[in-house]
Amino acid sequence: MKMPTLSEKTTLAEKTCTPCRGGVPPLGRAEAETLLAAAPDWTLMDEARRIERGFRFGNFREAAEFVRQIGELAEAEGHHPDIAFGWGYATISLQTKKIGGLHENDVIMATKIDRIFARWQGLPAGRM
């Protein structure tokens with residue numbers, strides 16, 4: 001896989017996830033770290049086979065609404081994260097299961113999820 005340039009990394013959120021039918025190798029640790037420069041709040045997990053990020057909210061309703069928006073994004077992109085949420089928090093985990101590791105699609109989704117979360121920052125607790 002070709003390593004992205006800075007301009008390519010900054011436009012990941014503008015990309016669309018491409019269908020992954022398997023048969024391609026997952027990103028190596030170095031490739032994943034390079035791509036994650038576009039999503040620095042995400043953490044490599046499980047020997048660089050997935051990425052994860054936790055999010056905080058003022059109440060359950062905000063967390064649930066955030067998760068709903070992530071669900072709409074996932075359906076639009078055809079790329080579905082694992083999501084855990086409860087009162088005031090959501091944890092999102094991304095991995096391309098068909099290849100048992102990370103793909104560029106995972107980082108594309110991470111940057112798009114970061115954009116959704118950026119809309120929440122600065123809002124008073126309990127406000128939508």
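Guide: Happy to! Keep in mind that this is a predicted model.

Visitor: Which parts does the pair Lys97 and Asp82 tie together, and how many residues apart in sequence are they?

Guide: Lys97 lies in the loop between strand 4 and helix 4, while Asp82 belongs to strand 3. The pair therefore ties that loop to strand 3, parts that are 15 residues apart in sequence.

Visitor: Is Lys97 buried, partly exposed or exposed?

Guide: Buried needs under 20% relative accessible area and exposed needs over 50%. Lys97 has 47% relative accessibility, so Lys97 counts as partly exposed.

Visitor: What about Lys112 and Glu77: how far apart are the closest N and O atoms of their salt bridge?

Guide: Lys112 lies in helix 4 and Glu77 in helix 3, so this pair links parts 35 residues apart in sequence. Lys112 is buried at 13% relative accessible area, and Glu77 is buried too, at 12%. The closest N and O atoms in their salt bridge are separated by 3.1 Å.

Visitor: Asp106 has no salt bridge, so which side chain of opposite charge is nearest?

Guide: Asp106 is found in helix 4 and is buried. A salt bridge requires a nitrogen and a carboxyl oxygen within 4 Å, and the nearest side chain of opposite charge to Asp106 is 7.2 Å away. That side chain belongs to Lys97.

Visitor: Which side chain does join Asp106 in a polar contact?

Guide: Setting aside neighbours within four places in sequence, Asp106 touches several residues, including Ile51, Leu94 and Thr96. The polar contact spans 2.7 Å, and the partner side chain is His79.

Visitor: How many residues of helix 4 are buried?

Guide: Helix 4 runs over residues 104–120 and reaches 25 Å from its first C-alpha to its last, close to the 24 Å expected. The helix is mostly covered, and its buried residues number 14 of 17.

Visitor: Turning to the strands, which residue in strand 4 stands opposite Phe85?

Guide: Strand 3 and strand 4 are antiparallel and pair over 5 bridges. They form a hairpin with 2 residues between them, and Gly88 in the turn has a positive phi of about 80°. On the other pairing, strand 2 runs antiparallel to strand 4 with 6 bridges, and Phe55 stands opposite Ala90. The residue opposite Phe85 is also Ala90.

Conventions. Residues are numbered from 1 along each chain as its sequence is written. This is a predicted model: local features need pLDDT of at least 70, side-chain atom pairs count only at pLDDT 80 or more; totals for chains, interfaces and linings use all residues. Side-chain values use heavy atoms; hydrogens and water are left out. Two strands pair if DSSP finds at least two bridges between them. Helices (H or I, at least four residues) and strands (E, at least two) are DSSP runs, numbered from the N terminus. Buried means under 20% relative accessible area, exposed over 50%, partly exposed in between (1.4 Å probe, protein chains only). Lys and Arg count as positive and Asp and Glu as negative; His and the chain ends are not counted. A polar contact is a pair of N or O atoms within 3.5 Å; within protein, one must be able to donate a hydrogen and the other to accept it, and residues adjacent in sequence count only if both atoms are side-chain atoms. Contact means heavy atoms within 4.5 Å. The expected span of a helix is 1.5 Å times one less than its number of residues.
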